Amino acid sequence: MTLLQLLTAAMPLFSVFILLVLLRLPARQAMPLSLLLSALLALLVWQVPLLHLTAATLEGLVIAATILWIIFGALVLLKVLLLSGAMEVIKQGFARLSADKRVQLLIIGWLFVGFLEGAAGFGTPAAIVAPLLVALGFTPLSAVVLALVADSAAVSFGAVGTPVLVGLAQGVPGISAAELQQTALLAISIDLFVASFLPLLMVLLYSRYFSTQANWRYGLAATPFALLAGFAFTLPAWLVTWLLGPEFPSVLGALLGLVLTATAARRGWLVPKPVAAENNLPATEHKPEITTKSTGIPLWQAWLPYALVAALLVLTRVPELPFKAALQGLNWHWQQILGSELSVSVAPLYLPGSVFLLTALLALWLFRAKFSVLQQALTQSSKMLLPSCIALGAAVPMVRIFLHSDVNNAGLPAMPLALAELAASYLSDYWLALAGLVGALGSFIAGSATFSNLMFGSFQQQMALQAELPQSLVLALQMLGANAGNMICVVNVVAAASVVNLHGREGEIIRYTLWPMLFYCSAAALVAYWFFS
């Protein structure tokens, strides 16, 4: 591969990093520029036919529309809860459970995120939890950063096991059900040593960079409760993986963790000592945006929309139940786009955004809210969504061009595989340390751990053979790296920033989440080397 071809293959990575992170351009400017550069180089250097390039772009626009639908649904639900006063009731309920932001972060930012990831995945957790954290008094920046960091470990078994049952099962040729189970168990076993400490990392990030205390000691004081939250998820998830397989570890692990940590917080077990200054916030500290005061809504009723979202997501995603097939029955297909081999399909009723909108309508009835509340919610949500249309409308087509670049007249593989093969030719002796980073690269580009596993599964299998490493161990690191990449992928960052009106600060968000991503990959590699190789 020539230097120009290498530059072309790496352009989606370089351009995003330079424009978003280093030059600090907003995503609505950085992503169209990245798309333009990547498309031109793909056409001229990689020799991707113009028709195929256009088809990949159109496919990306359709996928971007589905992501925008998820964001829109999450925004409408949030606005209905705010305007009806239900969010104020939820905030007061947390104050009674624990006024400590560190405890609230661990219960909502870690375990509720894990539950939503296990139930739905695909950008849902950050879209729901980031605005909830803002309503609880976290700054928008801290809410997005911490929600993205939290939406990592549970991704292994997100959307009822999709990264394993679809990503690895279809991405690794000839892998058996027993090998899938072994890989999944290895991944969660490594996470016992790694992901169990992510809640502590989240608390430290919050305490040092986003709290009024602005020091590490404030975070370290919450170590016992943070470790409780970490192991309350990973230990049940490990047990469920061992007993039942990869479908429900995240859902059941997070659900049990929520019960344990909420009980501990209510009874004062392991909770950090309160700091008086935290309740005396300066004028610059973010205050919740509550438009209407609560009018006698009980706490259980205020929480009911979130409970309905969680229940509907689980019920509609379990293959054994009839709801999944029924919702997927209404499916729009675009076969052979512009005569190419590319196709795309959308099941609008199955998208999480439709679940959010249905729940928002139910919430209106539940809270006896006026129709004007829905009108305000729709208007405000539409205005907040506009900047994301540009960013995602460029980011997703760029990703699809990158992934579909295997159709070219230069005799080259797809750009991601070309980069991976180049790394393999020089770094196979160090592959245990690098396998996770490849998985993270896949999620960073594709915006999905499932796509990362699909894209790099067979490559990781070949690298395991070449480096004489256990296949299951390398694939487990691929899974964990894909989890970590979720923290920094542009699609997730733009989506999470959109729902808290944080447009233009996507590069700043990535600068915060980049280090937790590297910690996750590095720690997983070290644990794999020390205990499992």
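I started with helix H19 (residues 431-446) and helix H23 (residues 506-532), which pack at about 145° with axes 8 Å apart. This is a predicted model: local features need pLDDT of at least 70, side-chain atom pairs count only at pLDDT 80 or more, and totals for chains, interfaces and linings use all residues. Residues are numbered from 1 along each chain as its sequence is written, and side-chain values use heavy atoms, without hydrogens and water.

Helices here are DSSP runs (H or I, at least four residues), numbered from the N terminus. Axes are lines fitted to C-alpha atoms over the stretch in contact, and angles run from 0 to 180 degrees between N-to-C directions.

I then listed the H19 contact (heavy atoms within 4.5 Å). H19 brings Leu432, Ala433, Gly436, Leu437 and Ala440. H23 answers with Met517, Leu518, Cys521, Ala525, Ala528 and Tyr529. By class I get 10 nonpolar, one polar and no charged residues. Ala, Val, Leu, Ile, Met, Phe, Trp, Tyr, Cys and Pro count as nonpolar, Asp, Glu, Lys and Arg as charged, the others, Gly among them, as polar.

Next I checked H21 (residues 471-485) against H23: the axes come within 8 Å and cross at roughly 160°. That makes H21 roughly antiparallel to H23 (the class for angles over 145 degrees). From H21 I noted residues including Leu473, Leu477 and Leu480. From H23 I noted, among them, Tyr520, Ala524 and Phe532. This contact divides into 11 nonpolar, three polar and no charged residues.

Terms used: Helices (H or I, at least four residues) and strands (E, at least two) are DSSP runs, numbered from the N terminus. Angles under 35 degrees count as roughly parallel, over 145 as roughly antiparallel, 65 to 115 as roughly perpendicular and the rest as oblique.
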